[in-house]
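The following note sets out numbered remarks on the structure shown below. It is intended to be read with the coordinates open.

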Amino acid sequence: MSHALQDPRPVKPRSSAPSSLTRGGLPRWAPAAIAALSALLGAGIGAVAGLESRMQWGLIAALLFVGITYTASSVVENRRQAKDRVATSLVWVCFLLAVVPLLSLLGVTIARGIKVLDGYFLSHSMAGVAGFAPGGGVYHALLGTIEQVLLATAIAAPIGLLTAVYLVEYGRGRLAKAVTFFVDVMTGIPSIVAGLFILTTWTLMLEQGPSGFAGSLALSILMMPVVVRSTEEMLKLVPNELREASLALGVPKWRTILKVVLPTAIGGISTGVMLAVARIAGETAPIMLLVFGNPLINDNPFEGAQSSLPLYIWEQYKVGSEDSFDRAWAAALVLIAFVMILNLVARGIARWKAPKTGR
Amino acid sequence: MAKRIDVSGLSAFYGTHKAIDDISMTVEPRSVTAFIGPSGCGKSTFLRTLNRMHEVTPGGRVEGKVMLDDENLYGQGVDPVAVRRTVGMVFQRPNPFPTMSIFDNVAAGLRLNGSYKKSELNDVVERSLKGANLWNEVKDRLNKPGSGLSGGQQQRLCIARAIAVEPQVLLMDEPCSALDPISTLAIEDLIGELKERFTIVIVTHNMQQAARVSDRTAFFNLAAVGQPGKLVEIDDTDRIFSNPSVQATEDYISGRFG
């Protein structure tokens, strides 16, 4: 076998380099310097050409950054390095393109929402406050959102969870395929259609008045497929060996699912449920149809019109005065904070419940 | 408490594919029986038919009889859950429950079956861990997760978990193939101790291991890929490794094929 170690190809002598392994390279600070340079150039070109939008400046700077990086690298280094650097900078540019809108959205909402957001705003309703006048608060809407979301979760989470357990652990043949198909179809239902469905069945056929519960019914239709999908994925991740280990101990299948499979996946499942909650917390259309909106505090979700945060934002924006705009922004900030707190709670649960590996 | 296994005319299927064909053999109580043979010859499938784990696989189906003393495991009205409580199993890869501590892992069989007295639980866990030669290594960290142990310790934890429910028979599906030589030695010593109390059936790819631990050895083979696996012969381990009665066995053991 020793002959395979000898390379028959002649080694080309490299006169230019002191060693065959060292090559010319850009210094470590080069990417930062090129970034600064292209940002300057982008701003300069934008200002000279009279471009209004900062987005255009940024795009010019991004293109310059990729171009300069490629040229500099091909001159100083080699083509392979240049391609590597272009790929790296493309990834960075895409990352920035994704993050900039998010940060600017958060920044604007916080900057404009913080103006009227205080204890008074959080603890008062719009009772006796004219739409264009200052004052008033978001308490009734926040209460409505929390109640509706909780009710919708109480309906959708158990049904979704059990459906996913059926699909992963028991489902065989036609029924399972049909369920999977309909879950897929349900994922694509527009929220207004879910709202109209409940409007025809609950409000028109059963002649019920507007209530938070009617809204929850529509929200649970939207939530269910998301819960099924995420739970299904999490249950599939549980290794089959664990199920077999439990079955081989003489544990019945239902107990295996309850005590071994679900606890192993509980972190991911709770994250999935929380993400579904975050999705429905921002729904407006079904709430407009079914919950109707109410400037007063109604803490009973089963009787009478309620409000909710997205609906409140829309109402305040529609009024069109300076003070109502402030309230709309502040309510938007409350909604974002609400969803973010839910997500943090979900992450906390996921970390707390995740299978431990420590010694 | 150990029981005799008497298999006659047993075939197992995956859907329409026949995986093993017409196997008959007897496994004596309080002995170690090793299954050897090339990959894909149905050793593991046959092992899994002995505690009705084969039918857990989608499409899994069995024909024939498996008598445990005088009860047919595939008879009318036999509850597979009850069978698995009587015939325990240890798998190829250590698979402790990741959400449970070492203590809970061993107690899992009793707890999940719901039939235990709280006062007994500590004793059972200690006895099982001692039985699996793991007690001294873990007695100070019973509340730590089982997945924090080394591979060999995890496998002994799985054995402790299996013997905690006091089965009559212990099936082992290549229990050492994921372990280093020292852990393997520990498990082999353990098998020698466990056969005082249990009937043990072990699948192994390691012929030295079969020769070391088993009293009797069964050689499985298949005619060609896609054909069902068959039992070629079963005999005392000494005879199989010194003077087998079938040529194919000698070829396999001496490394002339497979």
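1. Interface between the chains. In this predicted model, the contact between the two chains involves 25 residues of chain B and 22 residues of chain A. On the chain B side, the elements that contribute two or more residues are α2 (80-86), β6 (87-90) and α3 of chain B. Of these, α3(B) gives the most, with 4 residues. By residue class, the side of chain B that touches chain A comprises 12 nonpolar, 8 polar and 5 charged residues.

2. Domains of chain A. Chain A is divided into domain 1, covering 24-113, and domain 2, covering 139-353. The C-alpha centres of domain 1 and domain 2 of chain A are 40 Å apart. Their contact draws on 4 residues from domain 1 of chain A and 5 residues from domain 2 of chain A. The side of domain 1 of chain A that touches domain 2 of chain A consists of 1 nonpolar, 2 polar and 1 charged residue.

3. Nonpolar cores. The largest nonpolar core holds 138 residues, and the members that touch the most others are Met223(A), Ala331(A) and Leu170(B). Helix α8 of chain A, residues 212-237, gives the most to this core, with 14 residues. Beyond its neighbours within four places in sequence, Ala331(A) is in contact with Val138(A), Ala141(A), Leu309(A), Tyr312(A), Ile313(A) and Gln316(A). There is also a second, separate core of 6 residues, which includes Ile34(A), Ile60(A), Ala61(A) and Ala62(A). As general background, nonpolar side chains tend to be buried together in soluble globular proteins.

4. Not counting residues up to four places away in sequence, Ser220(A) touches Ala152(A), Ile155(A) and Ala156(A). The C-alpha atom of Ser220(A) is separated by 38 Å from that of Val91(A), the two residues being 129 residues apart along the chain.

5. Helix α4 of chain B. This helix spans residues 118-131, and its 14 residues reach 20 Å from the first C-alpha to the last, close to the 20 Å expected at 1.5 Å a residue. Within α4(B), the buried residues include Val124(B), Val125(B), Ser128(B) and Leu129(B). They lie on the same side of α4(B) because they cover an arc of only 120° around the axis. Ser119(B), Glu120(B), Asn122(B) and Asp123(B), on the other side of α4(B), are exposed. The buried residues of α4(B) pack against α3 (102-113), α5 (135-138) and α6 (151-164) of chain B. Asn133(B), which follows α4(B), has a positive phi, near 55°.

6. Further positive phi values. Most residues other than glycine have a negative phi.
Glu207(A) has a positive phi of about 55° and is placed in the loop between α7 (191-205) and α8 of chain A. Glu207(A) is exposed, since 7 other C-beta atoms lie within 10 Å.
Arg30(B) has a positive phi of about 50°, and its place is in the loop between β2 (17-27) and β3 (32-36) of chain B. With 16 C-beta neighbours inside 10 Å, Arg30(B) counts as partly exposed.

Methods:
Residues are numbered from 1 along each chain as its sequence is written. Chains are lettered from A and ligands numbered from 1 in the order in which they are written. This is a predicted model: local features need pLDDT of at least 70, side-chain atom pairs count only at pLDDT 80 or more; totals for chains, interfaces and linings use all residues. The expected span of a helix is 1.5 Å times one less than its number of residues. A residue is buried if 20 or more other C-beta atoms lie within 10 Å of its own, exposed if 12 or fewer, and partly exposed in between; C-beta atoms are placed from the backbone. The arc is that of the directions from the helix axis to the C-beta atoms. Two residues are in contact if their C-beta atoms, placed from the backbone, lie within 7 Å. Ala, Val, Leu, Ile, Met, Phe, Trp, Tyr, Cys and Pro count as nonpolar, Asp, Glu, Lys and Arg as charged, and the others, Gly among them, as polar. Domain bounds come from an automatic or database domain assignment. A nonpolar core is a set of buried Ala, Val, Leu, Ile, Met, Phe, Trp, Tyr and Cys residues joined through C-beta atoms within 7 Å.
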